[in-house]
Amino acid sequence: MALRIEREAAAGVALVTLDRPAKLNAIDLETAGELTSLWQELRYDESVRAAVLTGAGTRAFCTGIDRDVSVPQPPSPYALDDPLLRIGPKANDLWKPVVAAVEGMACGGAFYLLGEAEFVVASREATFFDPHTAYGMVPAYEAIAMAQRMPYGEVARLSLMGTAERLSAERAYAVGLVSEVTEPGGAVAAALRAAAVIAGYPTAAAQGTVRAVWAAREAARTQATAQAPALIALGNLAPEEQAELFAGRDRGANRGGGRAPRVR
C-alpha cells in the first residue's frame, strides 16, 4: 500500500499519508489508484467528517508523478491520459473538508492535491515550486489549480521560474496559498486540530459550505481545464527531448554543480 489511513473515530477525522518517502512521496499508478479509491470510500464512511492529507517524512509532501512511471497514451492528438486527474477529493465527488499538511517540498503534480484541499497548513521549512518549464513541459493543470488560490503574478512566477526558484512557506502564506505556518514538524498536528474543529460541526453544513466555496470558482476552473490537453500537446517537448533535460539535471546533481534555488 502506498497510502496510510488512520481514522480517529472520536474526532471524526481521517489522516491520509502518502507513504513513499524514499521516492519523496511521488505518485505512481498504484498510488493514484489508491487515492481515487480512498476518496470514494470516504464518501460513504459516516465516521469520517473531515480529513487531513500529508506526506510521510519531512523531506517532501509530494513531488508529483513518479518519473519512473510509464503512462500509455492513445494514438490521437485529441486525447491525453493524465493519471493525476482523479487523485483529488473533488474529482471523486467528496465534499467532506480536506486540510493539507505540508512538510518539505510540494512541487509539480502536488498541486493537483493542494488545489482540491480546503486550505493548506505548512511547516516553516516547506517550499513550493513547479519544475515543468525547466524540462520542456507545460504545467497546465497545476497552474490552473494555483490560479484559484494565488494572485496572477504569483502563479505566473511560480509556473515560469521552474527549478530556479522556490516559494517559501512565509511567502506562500503572504499570497494566500497557505493559511497557517507552523514550526518544523508541526504541520500535521495543526491540520488535525483544525480538522477536528470542523468535524465537530454538523457534517451537512460543513459539506454544503465546501460545495458553496468550490462553486464560486468551479466555472472558471472547468473552462480553463478544458483547454489544458491542447496546451500540453502543443507546448510539451517530445519525450526524448524532455529526457535529455532530465539527464542533464541528474548529471549536474551528481557533480554537485548548479546553483541552489532562491527561496523568496
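Predicted model: local features only at pLDDT ≥ 70, side-chain atom pairs only at ≥ 80, totals over all residues.
1. Next, have a look at His132. You will find His132 in the loop between strand S8 (127–129) and helix H3 (140–147). Is this histidine buried or exposed? His132 has a relative accessible area of 14%, and because the cut-off for buried is under 20%, His132 counts as buried. The side chain of His132 makes a polar contact with the side chain of Asp130, at 2.5 Å. Leaving out residues up to four places away in sequence, His132 touches Gly108, Met137, Val138, Pro139 and Glu142.

2. With a relative accessibility of 34%, Lys23 counts as partly exposed. Which residues does Lys23 touch, not counting those up to four places away in sequence? They are Thr63, Asp66 and Asp68. For a sense of distance, Lys23 and Val71 lie 48 residues apart in sequence and 18 Å apart in space, C-alpha to C-alpha.

3. Two backbone angles deserve a check on your screen. Most residues other than glycine have a negative phi. Leu24 is not a glycine, yet its phi is positive, at about 55 degrees. Leu24 is placed in the loop between S2 and H1. Asp93 also has a positive phi, near 60 degrees, in a residue other than glycine.

4. Staying with Asp93, where is this residue found? Asp93 belongs to the loop between strand S4 (60–62) and strand S5 (98–102). Its relative accessible area is 40%, so Asp93 is partly exposed. Asp93 and Ala169 are 76 residues apart in sequence, with 29 Å between their C-alpha atoms.

5. Now for the whole chain. The secondary structure comes to eight helices and 11 strands. Along its principal axes, the C-alpha trace spans about 50 × 40 × 35 Å. A compact globule of 264 residues would have a radius of gyration near 18 Å, and the protein agrees because its own value is 18 Å. Of the contacts with a separation of 6 or more, 75% are between residues 24 or more positions apart.

6. Finally, some notes on burial, surface and charge. Buried residues make up 47% of the 264 residues in the protein. The protein exposes about 12500 Å², and carbon and sulfur atoms supply 57% of that area. How far apart are the mean positions of the positive and negative charges? There are 26 positive and 30 negative charges, and their mean positions are 5 Å apart.

Note on methods
Residues numbered from 1 in each chain as written. Heavy atoms only, no water. Helix = DSSP H or I, 4+ residues; strand = E, 2+ residues; numbered from the N terminus. Rg over C-alpha atoms; globule rule 2.2 N^0.38 Å. Buried < 20%, exposed > 50% of the residue type's maximum accessible area, 1.4 Å probe, protein only. Contact = heavy atoms within 4.5 Å. Areas by Shrake-Rupley, 256 points an atom, 1.4 Å probe, with all protein chains shown as cover. Lys, Arg positive; Asp, Glu negative; His and termini not counted. Charge placed at Lys NZ, Arg CZ, Asp CG, Glu CD. Polar contact = N/O pair within 3.5 Å; in protein donor to acceptor, adjacent residues only side chain to side chain.
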